[in-house]
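Sequence and structure come first.

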Amino acid sequence: MKKRIDAVYAPQFDNMDLSAVASAMEGVAARDYVAQVNWPDKFPYKPIVAVDTARGDKELYIHFFVRGNYLLAANTEFNSPVYHDSCVEFFAHIPGQKEYYNFEFNCIGTALASKRLRRTDNDYYPDEMMMKIRTWSSLGKKPFAEKTGIFSWELVVAVPFELFGLDSAALPEKIDVNFYKCGDNTSLPHYLSWNRIETPEPDYHRVDFFGEMYF
């Protein structure tokens with residue numbers, strides 16, 4: 001069964017700093033939880049992950065709130081392996097297109113983004129496109145080695161519609177999406193999803209298991 005989330009129209013966000021958007025999301029945006037533990041035998045750990053979604057006139061806004069054990073942020077360069085760190089992700093597919101788009105962020109906002117046909121066939125965005133993705137993290141931007149304990153953090157990302165194949169002046173009724181939480185190199189590796197994934201091993205690159213985002 002496909003889950004649904006709405007990207008609530010909030011044009012005021014276009015003129016706000018992302019740190020202010022983080023607060024303004026409360027009570028304005030649609031909220032759901034990245035809570036599917038798809039591979040409980042191998043990866044049972046389940047941090048708390050909330051996701052809020054809204055849109056302005058040119059950007060999609062996603063606000064993640066995470067609470068869980070261990071915290072890692074080693075990567076600072078565009079398109080570095082942020083999924084090794086404490087990481088959240090947003091994948092999108094436009095109905096009728098062959099390609100899909102993945103946007104991945106570690107907990108300090110370092111971004112990886114590409115256009116893909118499949119997991120092993122991708123085109124990473126060049127730096128000039130990556131610079132159009134705006135991020136704000138409650139943890140700041142400086143990297144750090146893994147920290148032990150229980151931590152809460154927030155991340156707001158603003159992704160221009162043009163980066164995932166949409167004309168902001170003529171948005172479709174809906175697109176296919178999924179949200180994820182992972183941390184490959186943390187002391188508690190985990191692979192959560194918003195919409196359920198039914199594969200033997202962790203695989204976020206399955207458009208057939210995406211849910212729906214309505215505009």
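Q: Over residues 32-215, what are the helix and strand percentages, and how far apart are the end C-alpha atoms?
A: This is a predicted model, where local features need pLDDT of at least 70, side-chain atom pairs count only at pLDDT 80 or more, and totals for chains, interfaces and linings use all residues. Residues are numbered from 1 along each chain as its sequence is written, and side-chain values use heavy atoms, without hydrogens or water. Helices (H or I, at least four residues) and strands (E, at least two) are DSSP runs, numbered from the N terminus. Over residues 32-215 the chain is 2% helix and 49% strand, with the end C-alpha atoms 16 Å apart.

Q: Which feature does UniProt place at residues 32-215?
A: UniProt positions follow the numbering used here, feature names are shortened, and annotations may be inferred rather than shown by experiment. The entry is unreviewed, and the feature it gives for residues 32-215 is "domain: Carbohydrate-binding".

Q: What is the volume of the largest cavity?
A: On a 1 Å grid over the protein atoms alone, a cavity is a set of points where a 1.4 Å probe fits but cannot get out; lining residues have an atom within 4 Å of a point. Points are joined across faces, edges and corners, and volume is the space filled by probe spheres set on them. A search of the whole structure finds one cavity of 30 Å³ or more. The volume of the largest cavity is about 70 Å³.

Q: Which strand supplies the largest share of the lining of the largest cavity?
A: The lining has 14 residues, and V66, G68, N69, Y70 and K181 are the closest to the cavity centre. β6 (59-73) and β12 (144-160) each supply at least two lining residues. The largest share, six residues, comes from β6.

Q: Is Y70 buried, partly exposed or exposed?
A: Y70 is found in strand β6. Its phi is near 65°, a positive value in a residue other than glycine. Buried means under 20% relative accessible area, exposed over 50%, partly exposed in between (1.4 Å probe, protein chains only). At 26%, Y70 is partly exposed.

Q: How many charged residues are in the lining of the largest pocket?
A: A pocket is an open set of grid points with protein on both sides within 12 Å along at least five of seven lines. The largest pocket holds about 260 Å³ of space. Of its 14 lining residues, Y83, R119, D184, Y204 and H205 are the closest to its centre. By class, the lining has seven nonpolar, one polar and six charged.

Key: Ala, Val, Leu, Ile, Met, Phe, Trp, Tyr, Cys and Pro count as nonpolar, Asp, Glu, Lys and Arg as charged, and the others, Gly among them, as polar.
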